[in-house]
Amino acid sequence: MPGPLSKEQRQKRIQDIIARESVSTQGELVERLRQGGIRVTQATVSRDINELRLVRLPVGKGRHRYALAQTTGHTDALEELARLFQNFVHDVDRGENMLVIRTAEGHASGVALLLDRVRRDDIVGTIAGEDTIFVVARTTTEAESIMEEFHALMLG
C-alpha cells in the first residue's frame with residue numbers, strides 16, 4: 001500500500017484533474033481526489049487552490065470551473081485585469097489607505113491574482129475571499145488614485 005502523497009504530488013494531481021475535467025467547487029475537487037484514492041480535507045484543498053493560484057472561469061449559464069491562471073506578462077495582466085473589472089467587479093470602496101473590492105461570487109481570487117501580478121509599488125498587498133478583495137495601498141493619497149483607476153477600469 002503506497003504512503004500518503006507529498007503536497008507537491010497532491011497539487012500535481014489537482015492540476016491534472018482540472019486540466020481534464022470541469023470542476024466548479026472545492027467540494028467537487030475533494031470528491032475527485034477521493035475517487036482517485038487521495039483522502040484530503042476541504043481546508044487542504046482550499047490552501048492548494050490558493051497556492052496553485054487557480055481561478056474560477058465562467059463556462060456559461062452561471063457555472064464556473066477552476067483553471068490555472070493563463071496570464072504571462074505585465075501587459076497581458078493589465079489587459080486581463082481590465083476585462084475582469086468590467087465583467088466581475090461590482091464596487092470599490094476606500095477607507096484611508098485600504099480599499100475593498102466587491103466582485104461577483106467566486107471571482108475575487110482571480111482579480112487579486114492579477115493585481116498581485118502587476119507588482120505595483122503603490123499596492124502593499126491583497127487578500128481575497130470569495131467575493132471580496134482587501135487591498136492595502138502604501139499611502140492614503142495613493143489609495144485615492146488607485147480607487148479612481150479601479151472605477152475607470154469598471155467603466156471600461
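This is a predicted model: local features need pLDDT of at least 70, side-chain atom pairs count only at pLDDT 80 or more; totals for chains, interfaces and linings use all residues.

**Helix packing, cores and selected residues**

On the α1 side the residues involved are R13, I14, I17 and I18, and they meet L29, R32 and L33 in α2. Sorted by class, this contact of α1 with α2 has 5 nonpolar residues, 2 charged residues and no polar ones.

Next is α1 with α3. Helix α1 covers residues 7-20 and helix α3 covers residues 42-52; their axes come within 11 Å and cross at roughly 80°. Angles from 65 to 115 degrees count as roughly perpendicular, and α1 and α3 are therefore roughly perpendicular to each other. From α1 the contact takes K7, R10, Q11, I14 and Q15, and from α3 it takes T44, D48, E51 and L52. What is the make-up by class of the contact of α1 with α3? The contact has 4 charged, 3 polar and 2 nonpolar residues.

Now the chain as a whole. There are 6 helices and 6 strands. Along the sequence the order reads α-α-α-β-β-α-β-β-α-β-β-α. The C-alpha atoms fill a box of roughly 60 × 30 × 25 Å along the principal axes. Of the 156 residues in the chain, 37% are buried. For contacts with a separation of 6 or more, 53% are between residues 24 or more positions apart.

On annotation, an unreviewed UniProt entry lists residues 85-151 as "domain: Arginine repressor C-terminal". In the model, that span is 39% helix and 37% strand, and its end C-alpha atoms lie 9 Å apart.

In soluble globular proteins, nonpolar side chains tend to be buried together. In this chain the largest nonpolar core has 25 residues, and F85, I101, V111, L115 and F150 have the most contacts inside it. At least two residues of this core come from each of α4 (74-88), β3 (89-95), β4 (98-103), α5 (108-117), β6 (132-137) and α6 (140-155). The largest share, 6 residues, is supplied by α4. There is also a second, separate core of 14 residues, which includes I14, V23, V30 and L33.

Which residues does I101 contact, leaving aside its neighbours within four places in sequence? They are F85, V89, D91, V92, L115, D131, T132, I133, V135 and F150.

H107 sits in the loop between β4 and α5. Is H107 buried or exposed? The cut-off for buried is under 20% relative accessible area, and H107, at 5%, is therefore buried. Apart from neighbours within four places in sequence, H107 is in contact with R56, P58, H64, F88 and E130.

A128 belongs to strand β5, residues 123-128. A128 counts as partly exposed, with 36% relative accessibility. Again leaving aside neighbours within four places, A128 contacts A108, S109, A112 and I133. The C-alpha atoms of A128 and R65 are separated by 18 Å, and the two residues are 63 residues apart along the chain.

E96 is exposed, with a relative accessible area of 54%. Most residues other than glycine have a negative phi. The phi of E96 is near 55°, a positive value in a residue other than glycine.

Note on methods
Residues are numbered from 1 along each chain as its sequence is written. Side-chain values use heavy atoms; hydrogens and water are left out. Axes are lines fitted to C-alpha atoms, for helices over the stretch in contact, and angles run from 0 to 180 degrees between N-to-C directions. Helices (H or I, at least four residues) and strands (E, at least two) are DSSP runs, numbered from the N terminus. Angles under 35 degrees count as roughly parallel, over 145 as roughly antiparallel, 65 to 115 as roughly perpendicular and the rest as oblique. Contact means heavy atoms within 4.5 Å. Ala, Val, Leu, Ile, Met, Phe, Trp, Tyr, Cys and Pro count as nonpolar, Asp, Glu, Lys and Arg as charged, and the others, Gly among them, as polar. UniProt positions are given in the numbering used here, feature names are shortened, and annotations may be inferred rather than shown by experiment. A nonpolar core is a set of buried Ala, Val, Leu, Ile, Met, Phe, Trp, Tyr and Cys residues joined through side-chain atoms within 4.5 Å. Buried means under 20% relative accessible area, exposed over 50%, partly exposed in between (1.4 Å probe, protein chains only).
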